[in-house]
Amino acid sequence: MDVWIYSVLTLVYLILVIRMGVDLTQRKQWLAYSSFQLFVAFSLAYDNGIIALGNLIGEGELLIVLSSLRFWLHAFATPTLILVGYHILRSSGAKFANRSITSVVAWLITLGLVIYQIVGFTLSEVQNLKVIEEYGVLRYMAEGHGGPPMMVIIVGLVLLFVSLIVLFKHKWVWLFVGTALLFVGQLISLPVETGTLTNVYELILILSIWRTTTFLKNSTDRRPR
């Protein structure tokens with residue numbers, strides 16, 4: 001059953017990537033911070049897509065190469081959610097977000113997490129991939145793969161902080177729900193025979209981020225000038 005879930009997740013992400021691309025084109029915002037969420041959505045579409053196609057591609061060098069790219073995309077894309085969070089802060093009207101130091105800190109955290117993930121994990125992971133088959137899905141995982149790395153936890157905490165500001169300033173709950181669900185989902189083990197729960201939580205988070213940026217953009221456009 002997991003192969004179908006991964007396939008559906010991939011399809012949803014691809015639709016979301018197209019929708020984000022159309023929005024960015026219409027608003028001429030390809031160079032805005034919000035465009036990084038498209039990069040993250042694309043990386044997750046690729047991640048789920050390669051897992052879904054694992055059985056079709058088969059064990060071997062091709063799947064190893066394609067799987068290695070999953071880890072590299074994760075290292076470069078996921079930290080950019082810090083920049084998306086910074087964009088949400090600015091759009092929410094938080095005064096401290098307009099200070100130049102806030103922008104510098106956001107970039108430093110993002111670049112620091114990219115370097116940390118590559119040096120501490122990715123370089124080793126892509127050299128130590130092992131094939132596993134579970135719930136009907138064939139994929140390559142890094143040996144010794146455990147819970148979420150520190151990079152993911154830091155990104156999640158930053159988004160949680162941002163979501164609370166948006167909740168209090170705009171009474172918009174969905175970013176908080178999407179972020180909190182990702183944390184709670186890691187702590188609670190559901191009696192479901194699947195390996196896709198984290199991937200589902202990730203999709204909910206990305207959808208909540210996209211809806212939040214859209215909501216705040218529309219709210220800004222409606223403000224009297």
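Student: Exposed means over 50% relative accessible area, buried means under 20%, and partly exposed is in between. With that, is Lys171 buried or exposed?

Tutor: Exposed. This is a predicted model, and in it Lys171 has a relative accessibility of 68%, which is why it counts as exposed.

Student: Where does Lys171 sit?

Tutor: In the loop between helix 7 and helix 8.

Student: Which loop is Tyr135 in?

Tutor: The one between strand 1 (129-134) and strand 2 (137-142). Tyr135 has a relative accessible area of 36% and is therefore partly exposed.

Student: Helix packing next. At what angle do helix 2 and helix 4 pack?

Tutor: About 155 degrees. Helix 2 covers residues 36-52, helix 4 covers residues 61-77, and their axes are 10 Å apart. Angles over 145 degrees count as roughly antiparallel, so helix 2 and helix 4 are roughly antiparallel to each other.

Student: Which hand is the crossing of helix 2 and helix 4, left or right?

Tutor: Helix 2 passes helix 4 in a left-handed crossing.

Student: Which residues make the contact?

Tutor: Helix 2 supplies Phe39, Val40, Ser43, Tyr46, Asp47, Ile50 and Ile51. Helix 4 supplies Leu63, Leu66, Ser67, Leu69, Arg70, Leu73, Phe76 and Ala77.

Student: How many of those are nonpolar?

Tutor: The contact of helix 2 with helix 4 has 11 nonpolar residues, plus two polar and two charged.

Student: What does Ser68 touch beyond its sequence neighbours?

Tutor: Leaving aside neighbours within four places in sequence, Ser68 contacts Val126 and Leu129.

Student: What is the angle between helix 4 and helix 6?

Tutor: About 170 degrees, with axes 9 Å apart. Helix 4 and helix 6 are therefore roughly antiparallel to each other.

Student: Who meets whom there?

Tutor: Phe71, Trp72, His74, Ala75 and Phe76 of helix 4 meet Val114, Gln117, Ile118, Thr122, Leu123 and Glu125 of helix 6. By class, the contact of helix 4 with helix 6 has seven nonpolar, three polar and one charged.

Student: Helix 6 and helix 7, what angle?

Tutor: About 160 degrees, axes 9 Å apart, for helix 6 (residues 100-125) and helix 7 (residues 150-170). That makes helix 6 roughly antiparallel to helix 7. Their crossing is left-handed.

Student: Which residues hold that contact?

Tutor: Leu113, Tyr116 and Gln117 from helix 6, with Met150, Met151, Ile154 and Val155 from helix 7. The contact of helix 6 with helix 7 has six nonpolar residues, one polar and no charged ones.

Student: Ala106 is in helix 6. Buried or exposed?

Tutor: Buried, because its relative accessible area is 6%. Leaving aside neighbours within four places in sequence, Ala106 contacts Ile82, Leu83 and Tyr86.

Student: How far is Ala106 from Leu123?

Tutor: Their C-alpha atoms are separated by 24 Å, and the two are 17 residues apart along the chain.

Student: Now the core. How many residues are in the largest nonpolar core?

Tutor: It has 41 residues. Those with the most contacts inside it are Tyr13, Met20, Leu81, Ile88, Val155, Ile206 and Ile209.

Student: Which elements give two or more residues to that core?

Tutor: Helix 1 (2-26), helix 2, helix 5 (81-92), helix 6, helix 7, helix 8 (174-187) and helix 9 (197-222). Helix 9 gives the largest share of this core, eight residues.

Student: What does Tyr13 contact?

Tutor: Ala41, Leu44, Ala45, Asn48, Asn199, Glu202, Leu203 and Ile206, leaving aside neighbours within four places in sequence.

Student: And what does the second core include?

Tutor: The second core is separate and has 10 residues, including Tyr46, Val126, Leu129 and Ala142.

Methods
Residues numbered from 1 in each chain as written. Predicted model: local features only at pLDDT ≥ 70, side-chain atom pairs only at ≥ 80, totals over all residues. Heavy atoms only, no water. Axes fitted to C-alpha atoms, helices over the stretch in contact; angles between N-to-C directions. Helix = DSSP H or I, 4+ residues; strand = E, 2+ residues; numbered from the N terminus. Parallel < 35°, antiparallel > 145°, perpendicular 65-115°, else oblique. Left-handed = near helix turned anticlockwise from the far one by under 90°. Contact = heavy atoms within 4.5 Å. Nonpolar A, V, L, I, M, F, W, Y, C, P; charged D, E, K, R; others polar. Core = buried A, V, L, I, M, F, W, Y, C linked by side-chain atoms within 4.5 Å. Buried < 20%, exposed > 50% of the residue type's maximum accessible area, 1.4 Å probe, protein only.
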